[in-house]
Number of protein chains: 2
Amino acid sequence: MAQARRERLRQALIDAAEQVVAGPGLTALRARDLAEVVGCAVGAIYTAFPDLDSLVLEVNRRTLALFEASIPVEASGLDESPVAALVRLAGGYLAFARAYPSRWRALFEHRLGPGHALPEWYVAEQGRLFRHIERPLARLRPDLAEAERRLLARSLFSATHGLVSLGLDEKLTALPPSVLEAQVELVVGAAARGLADAP
Amino acid sequence: MAQARRERLRQALIDAAEQVVAGPGLTALRARDLAEVVGCAVGAIYTAFPDLDSLVLEVNRRTLALFEASIPVEASGLDESPVAALVRLAGGYLAFARAYPSRWRALFEHRLGPGHALPEWYVAEQGRLFRHIERPLARLRPDLAEAERRLLARSLFSATHGLVSLGLDEKLTALPPSVLEAQVELVVGAAARGLADAP
């Protein structure tokens, strides 16, 4: 019974935190505001979560799921090349970052305190997303061992993330939407083709 | 005379701010602390600079110059291929970010207030750095118009920045130094080779 009440409080707090992260953004998240929205004492938050970081990770878990659900599927009936698949995934990442800027930024802005590592379940959720990149890479470079492929998938993601985050950064180098899309396609496509023809 | 005094104050403030940015980092920068180090009133800072943002841009100008001076030169006596040149520049960027993490982060953490654009001189300094990438690109893809080449140079930089910033990010995906170097070389090299063989 106490267990059920605690679980309801957890879900209410995740919902409330999600509203903040998706709206004004992670930096606006305050325990006091959450307690007010949910109708609990500030101290009660810490009966449901060890700390606010753990709550943010639950919000980010939802963001990762939202991203996975938003990945564009390959054109049906066509045999999609691995290069085309990698370009499609990069385009999907750009579209997601543009559609959900605050949620997306929270994935990278959120910092655990010193000495705290990401929990295993969160690392596993990230890993599931990387497998979307690993699959076409396995067709592109069947010679790579699994560990190398996993590393390369992360690196391709990092490069794409750089293109997207600096390309959307209005203070530095923001590009018009169609120009940024074309650049992501150009650079990720080139990297994929270059990887296929290892020197 | 007043002009000379103001210039001395400006330089002293840039020196003091540089120490903070290079040490504890941009987020530790406080007008009060700078005034104490320099031995002036807090208000005097604003006779030398319109705001702290302008002071930070001067520190970042020094960081850009430090980076440019640190770019590894091509092996003399050899005809370096454009692909090798682009890989060398990316490796130089990684080495710089690793050697000067706080200074490097300040280049991206610093945000001007709403409605403030980067001054022309700062944009020009950035542009000079991008020309290091544009030169090998011009040899790699002589068919590209200058505007396309400039855009692509920035995109290659953004992709490299993503590899470097996520690869050095201890909370997300930090990689051992030699592994990260190899991944930057692999992905940037592949992108350069793929760009050479436009589909």
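Residues 24 or more positions apart account for 70% of the contacts in chain A that have a separation of 6 or more, a contact being heavy atoms within 4.5 Å. The structure is a predicted model, in which local features need pLDDT of at least 70 and side-chain atom pairs count only at pLDDT 80 or more, while totals for chains, interfaces and linings use all residues. Residues are numbered from 1 along each chain as its sequence is written, chains are lettered from A and ligands numbered from 1 in the order in which they are written, and side-chain values use heavy atoms, with hydrogens and water left out.

Chain A has nine helices and zero strands, where helices (H or I, at least four residues) and strands (E, at least two) are DSSP runs numbered from the N terminus. Along the sequence the pattern is α-α-α-α-α-α-α-α-α. Taken along the principal axes, the C-alpha atoms of chain A fill a box of roughly 60 × 40 × 35 Å. Of the 199 residues of this chain, 46% count as buried; buried means under 20% relative accessible area, exposed over 50%, and partly exposed in between (1.4 Å probe, protein chains only).

Helix α1 of chain A covers residues 2-22 and has 21 residues. From its first C-alpha to its last, α1(A) reaches 30 Å, close to the 30 Å expected at 1.5 Å a residue; the expected span is 1.5 Å times one less than the number of residues. The buried residues of α1(A) are A:L9, A:R10, A:L13, A:I14, A:A16, A:A17, A:E18, A:V20 and A:V21. They pack against α2 (31-38), α3 (42-48), α4 (52-70) and α6 (101-109) of chain A. A:R10 also belongs to a network of salt bridges that links A:E7, A:R10, A:E58 and A:R61, a salt bridge being a side-chain nitrogen of Lys or Arg within 4 Å of a carboxyl oxygen of Asp or Glu.

A:H110 is placed in the loop between α6 and α7 (120-140) of chain A. At 11% relative accessibility, A:H110 counts as buried. Its side chain makes a polar contact with the side chain of A:D53 at 2.9 Å. A polar contact is a pair of N or O atoms within 3.5 Å; within protein, one must be able to donate a hydrogen and the other to accept it, and residues adjacent in sequence count only if both atoms are side-chain atoms. Leaving aside residues up to four places away in sequence, A:H110 touches A:L26, A:D53, A:V56, A:L57 and A:N60.

Over all chains the count comes to 26 salt bridges. Side chains of opposite charge can pair when their charged atoms come close. In chain A, the side chains of A:R141 and A:D143 meet in a salt bridge of 2.9 Å, N to O. A:R141 is buried at 10% relative accessibility, whereas A:D143 is exposed, with a relative accessible area of 54%.

In chain B, B:E68 forms a salt bridge with B:R128, and the closest N and O atoms are 2.5 Å apart. This pair links distant parts of the chain, with B:E68 in helix α4 (residues 52-70) and B:R128 in helix α7 (residues 120-140), 60 residues apart. Both partners are partly exposed, B:E68 at 21% relative accessibility and B:R128 at 32%. Another salt bridge joins B:E109 to B:R105, with the closest N and O atoms 3.9 Å apart. B:E109 and B:R105 both lie in helix α6 of chain B, four residues apart, about one turn of the helix. B:E109 is partly exposed at 38% relative accessibility, and B:R105 is partly exposed with a relative accessible area of 40%.

Between the chains, 37 residues of chain B are in contact with 37 residues of chain A. Chain B and chain A bury about 2900 Å² between them, 67% of it on carbon and sulfur atoms; buried area is the accessible area (1.4 Å probe) that two parts lose on being put together, summed over both. The count between the two chains is zero salt bridges, while six residue pairs are in polar contact across the interface, both residues at pLDDT 80 or more. On the side of chain B that touches chain A, the elements giving two or more residues are α6 (101-109), α8 (146-168) and α9 (177-196) of chain B. α8(B) gives the most, with eleven residues. The residues of this side divide into 22 nonpolar, ten polar and five charged, with Ala, Val, Leu, Ile, Met, Phe, Trp, Tyr, Cys and Pro counted as nonpolar, Asp, Glu, Lys and Arg as charged, and the others, Gly among them, as polar.
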